[in-house]
Amino acid sequence: MSLKGRHLIDPNDFSIQELGEVFYLADRMVEDRDAFSSICKGKILGTLFYEPSTRTRLSFESAMLRMGGTVLGFSDAATSSVSKGESIADTIRVLSSYADILVMRHPKEGAPKLASEYALSPVINGGDGGHQHPTQTLTDLLTIRQYKGTLENQTIAFCGDLKFGRTVHSLISAMSRYKGSRFVLISPHELKLPEHLKSSIAEKYGIDMLETENLEEAIGQVDVLYMTRIQKERFFNEADYMRLKDSYILNRSKLKNAKEDMLVMHPLPRVNEISYDVDDDKRAVYFKQAEYGIYVRMALMALLMGVDANAQSK
Amino acid sequence: MLKVNSIDCGIVIDHITAGNGIKIFEKLKLGEVNFPVVLLINVPSSKLGRKDIIKIENKIDVDLTMLGLIDPGLTVNIIENGAIVNKMSTHIPNDVQGLFKCKNPRCISNFDEYATPKFKLAHSNGKIHYRCSYCEELTTYNI
């Protein structure tokens with residue numbers, strides 16, 4: 001079993017065992033990051049960001065730099081050759097010979113998959129429209145695993161924008177494969193989980209999902225509460241955004257009925273959906289979650305490039 | 001009852017649901033050919049009540065996937081020397097490529113010529129939908 005040379009377009013591209021391999025290496029990196037500080041010496045990460053992203057791009061760059069590699073790429077399609085109308089296939093054919101591994105963010109859904117069909121090096125999907133964001137999912141899975149010790153038998157509530165939130169779509173799809181997963185979907189009617197996703201998970205895994213519009217009603221029964229931002233850019237209409245943006249705000253008083261060991265997670269950045277008074281609660285793990293994102297990306301890139309992760313720095 | 005002669009060598013598309021004959025005729029561009037073709041509509045049928053039939057006095061390539069999309073259950077008979085030498089029936093295809101576009105306006109396949117999605121059959125809510133290989137959204141095929 002080797003992940004060398006593979007692409008990561010959808011979290012489910014990897015088997016449970018392969019994901020376990022990524023998490024095992026990430027665990028070792030969490031324990032002793034410095035031991036891996038030169039395993040990617042001489043390797044280059046290409047970052048192809050066709051739409052702005054600070055966190056994901058910097059997280060990938062940090063992950064590569066922390067392993068001793070280097071980074072090149074663009075962070076705005078307007079300043080690259082794509083602004084001249086170059087196809088993804090042509091861009092990727094050229095850039096994949098410049099770098100050992102590529103990460104692509106693109107506003108169009110399926111663009112990284114198209115890239116992977118023409119790339120000479122592994123392609124990682126850094127987010128494609130409202131479709132998938134697999135490394136955020138790996139980050140989320142590693143976080144749950146670090147705190148709960150397992151990914152099985154977890155009840156996860158997703159709260160906020162479940163219609164456009166790709167992090168939610170990816171995590172639901174990934175968690176569906178673990179034994180005993182249950183989902184609670186908390187959203188305004190206008191931002192419910194897309195029907196096609198609900199039906200495919202119900203058909204494939206037979207998982208029932210509880211849908212509610214009330215955060216407080218559901219909070220007591222969940223192991224993980226996954227909050228999301230209601231993104232302004234996903235709305236066509238300012239009035240709709242203003243009406244819905246405050247629908248689901250988590251504050252300390254709403255946490256009263258939550259389990260003692262419940263995790264509050266968030267892909268960040270948050271706007272106001274989690275009040276600052278929650279930050280000090282031990283259940284709030286969203287900043288730690290962002291930190292785990294570095295480790296999981298380090299582990300992922302090391303495995304896709306097939307570098308020797310045992311050749312640790314002394 | 002209208003009588004149409006049998007053909008000696010060619011293709012007979014039979015058991016077409018009444019109303020679909022003209023669609024298939026147009027999809028196969030049979031109006032542009034220079035050999036004899038007959039489109040029969042509303043022919044009495046013990047199985048279907050009424051059916052359409054297309055007789056083509058020539059051997060042409062017929063895309064069974066496309067026919068299956070338009071009308072699953074029709075039969076394609078290959079005729080040689082006045083006799084049926086091969087009989088095929090169509091069914092709803094599991095995999096489709098290049099016959100329709102993804103309906104998701106945000107799908108890369110609607111922007112990049114290199115992206116021709118492979119659609120996989122997905123049943124949902126009693127309707128027949130296809131899942132796009134790029135964006136995974138469901139598209140319903142309408143002829």
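Is B:Asn5 buried or exposed? In this predicted model, where local features need pLDDT of at least 70, side-chain atom pairs count only at pLDDT 80 or more, and totals for chains, interfaces and linings use all residues, B:Asn5 turns out to be exposed, with 9 other C-beta atoms within 10 Å (exposed is 12 or fewer, buried 20 or more, partly exposed in between, with C-beta atoms placed from the backbone). Residues are numbered from 1 along each chain as its sequence is written, with chains lettered from A and ligands numbered from 1 in the order in which they are written.

B:Asn5 sits in the segment before β1 (10-17) of chain B (strands are DSSP runs of E, at least two residues, and helices runs of H or I, at least four, numbered from the N terminus). From B:Asn5 to B:Asp95 it is 90 residues in sequence and 37 Å in space, C-alpha to C-alpha.

As for the sheet in chain B, 5 strands form an open, antiparallel arrangement in the order β2-β3-β1-β4-β5; strands pair if DSSP finds at least two bridges between them. β2 (37-45) and β5 (83-89) are the edge strands, each pairing on one side only. Between β1(B) and β4 (residues 75-80) there are 5 bridges, and B:Asp14 stands opposite B:Thr75 of β4(B).

Over in chain A, the axes of α2 (residues 55-66) and α10 (residues 286-305) come within 8 Å and cross at roughly 60°. Axes here are lines fitted to C-alpha atoms, for helices over the stretch in contact, with angles from 0 to 180 degrees between N-to-C directions.
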